[in-house]
Amino acid sequence: MAHILIVGGHDETFRMIEDLPVELSVFQNSESVTAQQARRAHRLCVFDYRNQTEALGRARALHEFKRIDAVVSFTEHGLMPAAVIKEALGIKGNALEAVRLTRDKIAMREHLAGRDLGAVLTRSCHSSSEVRSFLQSVGGPIIVKPAEGAGSSGVFRVSSLDQVESAFARSRGEYPGPTLVEEFIDGLEYSVESFTTDGRHDIIAVTAKTTTGAPRYIETGHLMPAVLAASALAELRGLVTDFLGSIGHSFGPAHTEVRFGPAGPRIIEGNTRPGGDFIWELVLRAMGRDLVRESICHLAGLPPQSRTPGRGAGCVAFFGYENVVIERVQGIEAAREAEGIIRLQCSLEPGQRLGPLRSSADRQGVIVAVGGDLADAERRLAQAQDRIRVETSPLPH
Ligand SMILES: Nc1ncnc2c1ncn2[C@@H]1O[C@H](COP(=O)(O)OP(=O)(O)OP(=O)(O)O)[C@@H](O)[C@H]1O
Ligand SMILES: [Mg+2]
């Protein structure tokens, strides 16, 4: 039986591979560890695995005791430790360079700058005066964002010099670390889900994304598969395939975010893991692809597993109330039972005082629907939403 080390992950990750004949060792942090993981894992080691030195030290000790065949992570903060372990022990897993280039958005832009993969004007900034001079040199709106951010935390669109000071300070305040500025790519947004084996990139789905818009662009929903002209779809697929090849992504799922600007598609960011925001669930339930299971089977040398066919399409919509007091919430249970609803989570409660949405973490829940085609999935989502009544009043100043 192959011995696989998994770094991080949620119960859902472990549920997907519950029955696979593999010996699992798990590195987990104390906030995410559960009894279910303890039951599934042959060995469970609880510590802050983001500390790469400690993660590597523990992996070396484990490897000496029982040879590890492969290491993998499906979660943002586990990707770098897993790649460092893979490289140091010379075992199967994803390439360190591909992970490094996608975890650090400055490194990614530097990497893309020398290649024919859709130019984006960009600079790493240490002061607001650097941001100001970048804005002037671009001559149009720009995005200020943290180099290693997530969930749109610290992301701001800036279109005039008087906005620079506050956007730079707030971005740094919300997410410490280096700041990246980029020309604003104006156009519709998509994400591309893929699965790579032996350097071959299989594009599984293109998803259309909706956001709150300027200034923060927090994600409000996803539609899979996106409706796109065949030529645009081919361009997106081509760009993402070339991007994954250029960073040396050699194994596993990837989630690449793209904006279709006036000069064609442009990479916004790449991630060497399944898409978050329940996009992974759309991949599973709409496309019939369990990327966690496929990854583990591939690494363990198990034969491809039979697949449960997907429904064909799906959509995700988040609850994103802001600057209100919640007075009443009704119909959540009825909505959960509506046809086609596979997930409904809602933390809204009467009496809640909700300030502005600052990142994805401030959203109050999600509805996920699947259907035979996108129109069907959207209709089902709307039917569920119609059953929900949320009464609000303005948030007093
Ligand atoms: N150069 C750009 N041009 C236009 N919009 C951009 C640009 N960079 C970022 N954005 C917008 O800001 C959003 C968040 O940026 P990005 O994806 O880089 O940050 P993030 O914090 O990793 O987001 P998330 O984790 O929610 O995907 C993007 O989805 C996009 O809408
Ligand atoms: Mg993003």
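Predicted model: local features only at pLDDT ≥ 70, side-chain atom pairs only at ≥ 80, totals over all residues.

Trainee: What makes domain 2 and domain 3 count as being in contact?

Mentor: Contact needs heavy atoms within 4.5 Å. Nine residues from domain 2 and six residues from domain 3 take part in the contact. Between them, domain 2 and domain 3 bury about 650 Å², with 42% of it on carbon and sulfur atoms.

Trainee: How many salt bridges are there between domain 2 and domain 3, and what makes E174 and R216 a salt bridge?

Mentor: The count between those domains is one salt bridge. For E174 and R216, the closest N and O atoms are 2.7 Å apart, and the cut-off for a salt bridge is 4 Å, so the pair qualifies. There are also four residue pairs in polar contact between domain 2 and domain 3, both residues being at pLDDT 80 or more. On the side of domain 2 that touches domain 3, the elements that give two or more residues are β6 (142-146), β7 (156-158) and α8 (164-174). By class, that side of domain 2 has three nonpolar, two polar and four charged residues.

Trainee: How many salt bridges does a search of the whole structure find?

Mentor: That search finds 29 salt bridges. Take R343 and E12, whose closest N and O atoms are 2.7 Å apart. This pair links distant parts of the chain, with R343 in strand β16 (residues 341-346) and E12 in helix α1 (residues 11-16), 331 residues apart.

Trainee: Why is R343 called buried, and why is E12 called partly exposed?

Mentor: Buried means under 20% relative accessible area. R343 has 13%, so R343 is buried. E12 has 29%, and partly exposed is the class between buried and exposed, where exposed means over 50%; therefore E12 is partly exposed.

Trainee: How do you know that E182 and R109 form a salt bridge?

Mentor: Their closest N and O atoms are 2.8 Å apart, which sits within the 4 Å limit. E182 and R109 are both buried.

Trainee: What about E189 and R259: what joins them?

Mentor: A salt bridge, with the closest N and O atoms 3.1 Å apart. E189 is in strand β9 (residues 188-197) and R259 in strand β12 (residues 252-261), 70 residues apart. Both residues are buried. Salt bridges that share partners join E189, K209, E219, E257 and R259 into one network.

Trainee: Why does R289 count as buried?

Mentor: The relative accessibility of R289 is 10%, and the limit is under 20%, so R289 counts as buried. R289 lies in the loop between α10 (279-285) and α11 (291-300).

Trainee: What makes R289 and D202 a polar contact?

Mentor: Their side chains are joined at 3.1 Å, and a polar contact is a pair of N or O atoms within 3.5 Å. Leaving aside neighbours within four places in sequence, R289 is in contact with residues including F195, I204 and R307.

Trainee: Which peptide bonds are cis?

Mentor: A cis peptide bond joins A214 and P215, with omega about 0°. Another joins M224 and P225, with omega about -5°. P215 is in the loop between β10 (200-211) and β11 (219-224), and P225 is in the loop between β11 and α9 (230-247).

Trainee: What is the phi of Y217, and is Y217 buried or exposed?

Mentor: Phi of Y217 is near 55°, a positive value in a residue other than glycine. Y217 has a relative accessible area of 12%, so Y217 is buried by the under 20% rule.

Note on methods. Residues numbered from 1 in each chain as written. Chains lettered and ligands numbered in written order. Heavy atoms only, no water. Buried area = accessible area lost by both parts, 1.4 Å probe. Salt bridge = Lys/Arg side-chain N within 4 Å of Asp/Glu carboxyl O. Polar contact = N/O pair within 3.5 Å; in protein donor to acceptor, adjacent residues only side chain to side chain. Helix = DSSP H or I, 4+ residues; strand = E, 2+ residues; numbered from the N terminus. Nonpolar A, V, L, I, M, F, W, Y, C, P; charged D, E, K, R; others polar. Buried < 20%, exposed > 50% of the residue type's maximum accessible area, 1.4 Å probe, protein only.
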